[in-house]
Amino acid sequence: MSDLTALKTENQIFEVIANNSPDWWKDFKANNSLYIEIRKYNTINVYYQGGSVAK
């Protein structure tokens, strides 16, 4: 698997949300209207009704 397609769970953002979740992450997870996508470039995208609201 190439570096561009491999999800790197050691990426800092994953450590932050796993060990000390910030309020924005808790809010996103609690909102059933939002869809959270973990992308292959080790980013987190959040969508509302198909439109991107956060990256």
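This is a short walk through a predicted model of one chain, from its overall fold down to a few residues.

Hi everyone, and a bit of housekeeping before the tour. Residues are numbered from 1 along each chain as its sequence is written. Because this is a predicted model, local features need pLDDT of at least 70 and side-chain atom pairs count only at pLDDT 80 or more, while totals for chains, interfaces and linings use all residues; side-chain values use heavy atoms, with hydrogens and water left out.

Now, confidence. pLDDT is the predictor's confidence in each residue, from 0 to 100. The chain has a mean pLDDT of 84, and 91% of its residues reach 70 or more. Confidence is highest in β2, at a mean of 93, and lowest in α1, at 82.

On to the fold. We have two helices and three strands, where helices (H or I, at least four residues) and strands (E, at least two) are DSSP runs numbered from the N terminus. Along the sequence the pattern reads α-α-β-β-β. The C-alpha trace spans about 35 × 25 × 15 Å along its principal axes.

Let's look at the sheet. The three strands form an open sheet in the order β1-β2-β3, with antiparallel pairing; two strands pair if DSSP finds at least two bridges between them. β1 and β3 stand at the edges with a single partner strand each, so one side of each has no neighbour in the sheet. On average, neighbouring strands are turned by 40° against each other, direction ignored. Axes here are lines fitted to C-alpha atoms, for helices over the stretch in contact, and angles run from 0 to 180 degrees between N-to-C directions.

β1, residues 34–38, and β2 are joined over five bridges, with L34 standing opposite Y48 in β2. Their hairpin has five residues between the strands, and N42 takes a positive phi near 60° there. β2 and β3 pair over three bridges, and Y47 stands opposite S52 in β3. In the loop between β2 and β3 you'll find Q49, another non-glycine residue with a positive phi, near 50°. Is Q49 buried or exposed? Q49 is exposed, at 71% relative accessibility. For the cut-offs, buried means under 20% relative accessible area, exposed over 50%, and partly exposed in between (1.4 Å probe, protein chains only).

What lies across the sheet? Helix α2, residues 23–30, lies across β1, β2 and β3, running at about 120° to β1.

Next, the interior. Of the 55 residues, 20% count as buried. The largest nonpolar core has six residues: F14, I17, W25, L34, I44 and V46. The elements giving two or more residues to this core are α1 (12–19) and β2 (44–48). By nonpolar core I mean a set of buried Ala, Val, Leu, Ile, Met, Phe, Trp, Tyr and Cys residues joined through side-chain atoms within 4.5 Å.

Take F14 from that core. Leaving aside neighbours within four places in sequence, F14 is in contact (heavy atoms within 4.5 Å) with L7, K8, T9, I38, N42 and I44.

Last stop: how many salt bridges does the structure hold? One. E37 pairs with R39, their closest N and O atoms being 3.7 Å apart.

Methods
Salt bridge = Lys/Arg side-chain N within 4 Å of Asp/Glu carboxyl O.
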